[in-house]
Amino acid sequence: MIFGGDLSVSIPSNVVSEWLNGLPKSQAILGVGLQRIDLPAIVKQQLPDHSANGLLVVSIVERPAAQQAILLGDLLLELEGQPIEGVHNIRQHLANKAPGEQVTLKIARGGNIQTITANLIPITEG
């Protein structure tokens, strides 16, 4: 690669190949549509930090029954022990994960807080 006619840079092909092989083959997602909401008072009281916001599951993509740990109406509170501040946090956390891997989520379902394990699914083209 030549910059400005007087500066050239080269990267050995084995370094590029190794880097490309280290990239995820397919991007993983939770497979849910989310909307940020204010948490109900009953849920806030159960949280040690009394968080004010969570992500409401408003849609779910079709997937095998074995992967249906997340239900419509669940409130996502934490991902892998880290508070969820928004959808961007989830995207950043899942960037290095592969489809089929599992993640731990803290959710509120029916006013009760629980921890579940969800399988990640691949992004489908279409």
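## Lys 106 and its partner

Lys 106 is partly exposed, with 21% relative accessible area. Keep in mind that this is a predicted model. The Lys 106 side chain meets that of Glu 78 in a salt bridge, 3.7 Å from N to O. This pair ties together distant parts of the chain: Lys 106 sits in strand β8 and Glu 78 in strand β6, 28 residues apart. Glu 78 comes out at 22% relative accessibility, so it counts as partly exposed too.

## The other salt bridge

Search the whole structure and you get two salt bridges.

## β8 and its neighbours

Strand β8 (residues 102–109) pairs with β6 (residues 75–79) through four bridges, and the two run antiparallel. In that pairing, Leu 79 stands opposite Leu 105 of β8.

β8 also runs antiparallel to β9, this time with eight bridges. Val 103 faces Ala 118 of β9 across that pairing. The two strands make a hairpin with two residues between them, and Gly 110 in the turn has a positive phi of about 65°.

Asn 119 belongs to β9, which covers residues 112–119. Its side chain makes a 3.0 Å polar contact with the side chain of Gln 102. Asn 119 is buried, since its relative accessible area is 17%.

## A nonpolar patch on the surface

What makes up the nonpolar patch on the surface? Leu 7, Val 9, Ile 11, Val 15, Val 16, Trp 19 and Leu 20 do, with about 660 Å² of accessible area together. Helix α1 (residues 13–22) is the top contributor, giving four residues. Val 15, which lies in helix α1, is partly exposed at 43% relative accessibility.

## How confident is the prediction?

The protein's average pLDDT is 82, and 88% of the residues score at least 70. Among the elements, β8 has the highest mean, 92, while strand β1 (residues 2–3) has the lowest, 66.

How values were computed: Residues numbered from 1 in each chain as written. Predicted model: local features only at pLDDT ≥ 70, side-chain atom pairs only at ≥ 80, totals over all residues. Heavy atoms only, no water. Patch = residues over 30% accessible without salt bridge, like charges linked within 9 Å, V, L, I, M, F, W, Y side chains within 5 Å. Areas by Shrake-Rupley, 256 points an atom, 1.4 Å probe, with all protein chains shown as cover. Salt bridge = Lys/Arg side-chain N within 4 Å of Asp/Glu carboxyl O. Buried < 20%, exposed > 50% of the residue type's maximum accessible area, 1.4 Å probe, protein only. Polar contact = N/O pair within 3.5 Å; in protein donor to acceptor, adjacent residues only side chain to side chain. Pairing = 2+ DSSP bridges. pLDDT = per-residue confidence, 0-100.
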